[in-house]
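Q: Please show me how to read the features of a structure, one at a time.

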Amino acid sequence: METKNSGRRGFLKGALAAGAATMAATPGESAAQAAAKAPATAAPPSSRTIAAETMGVHSVHDDELTGHVHNPGSDFMVDVLKAASIKYVAVMTASSNRGFQESIVNYGGNKAPEMIVCCHEEAAAGIAHGYAKMSGKPMACMVHGNVGLQHASMAIYNAWCDRVPMMVIAGNTADATKRRPGVEWFHTSVDQAAMVRDFVKFDDAPVSLQHYAESFMRAMSAATTPPMEPVLIVADGELQEVPAENRAALRIPKPVSVSPPEGDARAVAEAAKILLAAKNPLIVVDRAARSQEGVDLLVKLAESLNAPVIDLRARMNFPTTHYLNQSSLQRKYIAAADVILALEVGDLWGLVNSVSDTPGRPSKGLIKAETRVISISVNYLLAKSNYGDIQRYQAADLALAADAQATLPSLIEALKREASAPQSAAIAARKQPMQAAFAAMREAARNDATRGWDASPVSTARLCQEVWAQIKNEKWALVSQPQFQSYWPHRLWDITEYRQFIGHSGGFGIGYGLPAAAGAALACKDEGRLAVNIQSDGDLLMVPSVLWTLAHHKIPLLNIMHNNRAWHQETMHLQRMGTRRERDPESWRHGTLIEAPYVDYAMMAKSMGVWAEGPISDPALLGPAIQRALAVVKSGLPALIDVVTQPR
Amino acid sequence: MNILNKISCSLLLTLIGAAGVAGEAYAQSAVEISRGHELFINRGCYLCHGTVGQGGIAGPHLVPDTLPAEAFLAFVRRPPSEMPPFSEKIMSDAELHAVHAYLSSLPKSPTADSIKLLPKPVGK
């Protein structure tokens, strides 16, 4: 290392001298020639003058150019990331992290962690969000002090609401005497984490490297223990840039995988008894599965009761091909249930009640008075109240503060153990009606999809089925939110594996779509899985620069635009307002339609190096275009097809 | 003019008149359908129901099985749902009839069995 640094020092000195001489020369003549003919009164500028003129406005003091820094603190910070097995760091380059970024590249070799270069901190955090959901491992994102963290905050909030781990690293310079006047002051704060503390699980601003290592590993454990959440560690600028003192004495704690909380045995046994006694039990899942094992356990649980399952789709919880997946019949089963088992349901009140979007907003219960609700969730362990992701309070009849997936084996075992013969017979008798109901539900979806099949703009059902036809025989993943396409993938596709779907954004902050899809696609690339993103147009306009990141890093991602040329949800809100108020019934389009001009997303993608076609509004042209795009993606590159679509 | 001629002349006049009325009715209908389409888009009906009334997550399908005109008008004036009530100030009866005419004019969708991309599901 010393030899390498010495070499670099020599190179830098030589380069500086040559650079100074070259600056004095005119094109076509050497620095030596220029120096020979230069008048005595016009000596070439000194290296310090060049530095002052090109690097900033500060005066350069004689004692400032004497030192080189070996073994900077940020090298140790990279060691910590490596020890934590952080594979990628999404980076929006920033001066407050300059030491860290340089260490990632030159000390760490830009490999594990590798920088994923972003053009906006919201993109960086969104990429980390999607990556964690697909890979099951946290990713880091590195953001600038103050302004970068402010940019990233919405994406961090989405991850918070979505219970997704993320290692946020923010720059800062705690020691006010070390900040250069001006910009560095604007980009530092006394308490950097304050602006996001309501929606990170843990934060710290370490003041020593040993402190940094311990806090990072503590944060990592907190982030990856259910309830999983983002965490923030401030990487102090001085700590990054000053040499590590006594590196050999620094210790990096080993990463610890903390066992998730499992439901209390007595409460689990009671839940089993209640479920076995039910005539119409219902299972509702939201973020219940954390892995394929979770999906398999949920199938076992449902089959052990022959209870219908309503998947609220915050994750891939339950196969769409299984006869007990009756998610399209939610209202019917909620009304009929005498026992509801809610597994990691984020909004328990909203599951069993509704609020009408009519004047006065009347609410009503959706369940019978005698219906019993059993809730198993790690949400009971969260204790923050400022943001509304806690939803309205619903008192469950039996509540377990536990991780659902970790509790499922004991619950399944208790159901086996406690079932009486008559109960087992009743459970078996439910199978055939459930199979019939499932078949009717899927057939209804098929018939619904025919409506507007040949319409232009393209129907969302047609869009989804054209995609499905091209990917169904691949190892694939849907890395976007299907609610914008009326959930056609969940109604028509065979979604059977955990990694075939990553759920929604959590906080419904627009601008999640493309970054999260890119992060998930990054994880898919490592796994050899084809990532498909059905991309809303309004969402893409928030952080279009992710297209450049996809191209720059050669992340294969099939982007199919769901381009309804609107922030469509808002069109409906505005139309509802105008009509209720009996005002101009055509005013809803103001501020909601993306028109005059229409955005050419294919041109936008091409400008950033992404293969693209479109806009396509004739459904007959869509299949061949997707085939061409798929060939590009299979070659290891991103592609985009702009499709002009129906609203939903 | 003999009686046959009188009858023929009368028949001819009747036929011409009938043809005129039918043509006018046809023309009115085409105009009404076009006007209905325009209203369906500009008043924002399509936002929830889709441009061809196919429905989706935000609103039910309106085609096929469109309600009879009077029932359609009654529903739109006082919807028993979150759909806002469309008063006469927002859409007149004539305009709602035009929207109904547009929806009624839309062709039937192909059957699911005729669409290759909608195979029968295979459940477990």
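Q: Which residues of helix α5 of chain A are buried?

A: A residue is buried if 20 or more other C-beta atoms, placed from the backbone, lie within 10 Å of its own. In α5 (residues 98-107) of chain A, this holds for G99(A), F100(A), Q101(A), S103(A) and I104(A). Helices (H or I, at least four residues) and strands (E, at least two) are DSSP runs, numbered from the N terminus. The model is predicted: local features need pLDDT of at least 70, side-chain atom pairs count only at pLDDT 80 or more, and totals for chains, interfaces and linings use all residues. Residues are numbered from 1 along each chain as its sequence is written, and chains are lettered from A and ligands numbered from 1 in the order in which they are written.

Q: What do the buried residues of α5(A) pack against?

A: Two residues are in contact if their C-beta atoms, placed from the backbone, lie within 7 Å. The partners of α5(A) in chain A include α4, β1 (88-91), β2 (114-117) and β3 (140-143). After α5(A) comes G109(A), with a positive phi near 75 degrees.

Q: At what angle do helices α6 and α7 of chain A pack?

A: Axes are lines fitted to C-alpha atoms, for helices over the stretch in contact, and angles run from 0 to 180 degrees between N-to-C directions. The axes of α6 (residues 121-135) and α7 (residues 147-161) of chain A are 7 Å apart, at an angle of about 30 degrees. Hence α6(A) and α7(A) are roughly parallel to each other (angles under 35 degrees). Among the residues making this contact are A124(A) and A125(A) of α6(A), and A152(A) and I156(A) of α7(A).

Q: Which residues have the most contacts inside the largest nonpolar core?

A: In soluble globular proteins, nonpolar side chains tend to be buried together. A nonpolar core is a set of buried Ala, Val, Leu, Ile, Met, Phe, Trp, Tyr and Cys residues joined through C-beta atoms within 7 Å. Here the largest has 176 residues, and those with the most contacts inside it are A124(A), C141(A), I156(A), M166(A), V168(A) and A520(A). Another core, of 22 residues, lies apart from it and includes M572(A) and L47(B).

Q: How many residues of chain A are in contact with chain B?

A: On chain A, 39 residues are in contact with 33 residues of chain B. Helices α17 (431-450), α18 (460-471) and α23 (568-580) of chain A each supply at least two residues of that side. The largest share, seven residues, comes from α17(A).

Technical notes
Buried ≥ 20, exposed ≤ 12 C-beta atoms within 10 Å, placed from the backbone. Parallel < 35°, antiparallel > 145°, perpendicular 65-115°, else oblique.
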